[in-house]
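I am keeping these notes while I go through the structure that follows. I began with the record and then turned to the coordinates.

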Amino acid sequence: MPTPFLSVQGLSKRFPGPKGSDPLTVFENVNLGIEKGEFVCIIGHSGCGKSTILNILAGLDEPTDGAVIMNGKEVSGPSLDRGIVFQNYSLLPWLSALKNVTFAVQARHRNWTKKQVHDHSIKYLEMVGLTGGAELRKPSQLSGGMRQRVSIARAFAIQPELLLLDEPFGALDALTRGSIQDELIRIWAGSDQTVFMITHDVDEAILLADRILLMTNGPYARVAESVQVDIERPRVRADIIHHPDYYDIRNHLVEFLAKRSRELAGKRDEDGVSEPNVIRFGLNGPVANKSNKGAEEPPARARVVNGAD
Amino acid sequence: MIASLNARALLLSAVLLAVLLGIWEAASPQQKLGSELTEYEILMGGAEPKAAVPPPSAVFVKAWEELSNPFYDAGPNDKGIGIQIGYSLYRVLSGYFLAAAIAIPAGFLIGMSPLMYRALDPFIQILRPISPLAWMPLALFVIQDSQASAIFVIFICSIWPMLINTAFGVAGVRKDWVNVARTHELGTLKTAWIVILPAAAPTILTGMRISIGIAWLVIVAAEMLVGGTGIGYYVWNEWNNLDLTSVVFSILMIGLVGMLLDTAFAYCARLVQYQE
Ligand SMILES: Nc1ncnc2c1ncn2[C@@H]1O[C@H](COP(=O)(O)OP(=O)(O)OP(=O)(O)O)[C@@H](O)[C@H]1O
Ligand SMILES: [Mg+2]
């Protein structure tokens, strides 16, 4: 089996506990593969370790065990090939919105002229709707949503191979969120970028993702399921809800969040394999498929719960 | 109509000043006439014009005199106030900037490296509480030059707040911002320049402001010791001449220059301030 573009192998993260107590194991033995060009969302309850996984993918944090392999090379330390939208925006407060983007573009394209850097940055700020003077203001003078958009522009502008987005649209109103989601899809579709995105919004996940990873509650969280979203693209927000699979997928996700994320918490996969169960939706609900993604079509109409096939 | 807070504060300041000057003026003893002197006072030399704390009016007259010709030079013991302050400023600034040139890079090093932080901490802790004037004899012996020794004393007293604040500011830069530098593959120098320096600048400037304040405090004492020139020497010299009017005038000038130095640094601090 060829290794995927991004491969997460046996990943564990423990934080030392408060003095004397046991260490906190956020997650253990997480295995994942993400193909080049894939758009993957990850959903899980607050505190289950999503940001921790994303930081390890970014190379900002070290796993306690295991490894992340991208393009056949082990990830060690951050790189411009992996762009990040941080959960807390992480803008530099002494720079204007524009400068927060230009410094990143400058770092990416060291031989560009000032004008090239400026025009490129402005293009991305325009894309997120920050123009007409707003781009010259400092982050402290911008609203939360505007800051988030600067941070999005900064990550998109360096056109990384892998985009890591940590709840990138959390602070945005529905309208802005919609238009930036559309931009994200447009940029992603027009390139061979791979996207790994954390979200709490199941509708957003279904609209955007090729695949949705579901994480159980921590500690000892794991990526229990990988839900394939086979709804054809381009997906239109208003139409997608009429797709026959839409509510099956949605219900499955909501049910996972409401019930199974708790029930499965702390449990090992029964057969000892820690690959997420692949779930596909046929005509009558979810189909679990133990073998890896890309295997032959699962039997239709069989509602198989969680690996008991 | 309610005047703005600033205007009212200004008015109150003016009133307070007038009241204080009034009390001071009224409390200053007038020179008594010979006939009223007791026998004891005559024996003690009371018939001579007596040295007394001068009234503000006398200080104003003195200030007018001195400030209308601040740069005259009539021999080693008679120089204008401008020249004396100039000498002091020259010593303070050269010692101070020498200290900054060492303290800020060293503070960066200490702040960025936990190893250096721990290794150098004991030295800093023991050297920092030493009164700068305690270095004076050693400095005079080693350097063999009173001018340079005064500069050295300024150097040694202004280095610690800058060193400690720089190290503290650099070590305390938010990890998120360092991560931004890391994800954009900025090298060490670029990270220091684009992220660490602006992030730590307000703390560094605070250290610089504390240092300049201390340096200006210390220079007066140092010049009293080494003598020759400078505002500290001027105060001491006028005291020896029993010219208390000049002493009071120079005290006010020391305060004024100190305030101007502090204001300048406060202005610089505002330039690098940012809001999170
Ligand atoms: N530096 C740290 N030291 C100790 N524990 C930590 C540290 N960072 C994170 N944790 C713990 O790891 C767990 C996962 O944190 P993480 O930030 O990854 O959660 P998350 O899934 O992103 O949550 P949210 O949806 O709220 O952002 C939490 O229980 C948190 O307390
Ligand atoms: Mg998070």
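Which residues of chain A does the UniProt annotation "domain: ABC transporter" cover? I looked this up in the record, an unreviewed entry, and it gives residues 6-242 of chain A. I keep in mind that I am working with a predicted model. Across that span, I find the end C-alpha atoms 33 Å apart, with 32% of the span in helix and 25% in strand.

Next I looked at the sheet. I read the strand order as β2-β1-β4-β5 in chain A, an open sheet of 4 strands with antiparallel pairing. Strands β2 (24-34) and β5 (73-74) of chain A each have a single partner strand and stand at the edges, so one side of each has no neighbour in the sheet.

Last, I checked the metal. Which atoms coordinate the magnesium ion (ligand 2)? I find OG of Ser51(A) and OE1 of Gln87(A), at 1.9 to 2.3 Å. Ser51(A) belongs to helix α1 (residues 50-58) and Gln87(A) to the loop between β6 (82-85) and α2 (97-108) of chain A, so the pair ties together parts 36 residues apart in sequence. I also looked up the exposure of both residues: Ser51(A) is partly exposed at a relative accessible area of 22%, and Gln87(A) is partly exposed at 40%.

Technical notes
Residues numbered from 1 in each chain as written. Chains lettered and ligands numbered in written order. Predicted model: local features only at pLDDT ≥ 70, side-chain atom pairs only at ≥ 80, totals over all residues. Heavy atoms only, no water. Donors = N, O, S within 2.8 Å, 3.2 Å for Na, K, Ca; no water. Helix = DSSP H or I, 4+ residues; strand = E, 2+ residues; numbered from the N terminus. Buried < 20%, exposed > 50% of the residue type's maximum accessible area, 1.4 Å probe, protein only. UniProt positions renumbered as here; feature names shortened; annotations may be inferred. Pairing = 2+ DSSP bridges.
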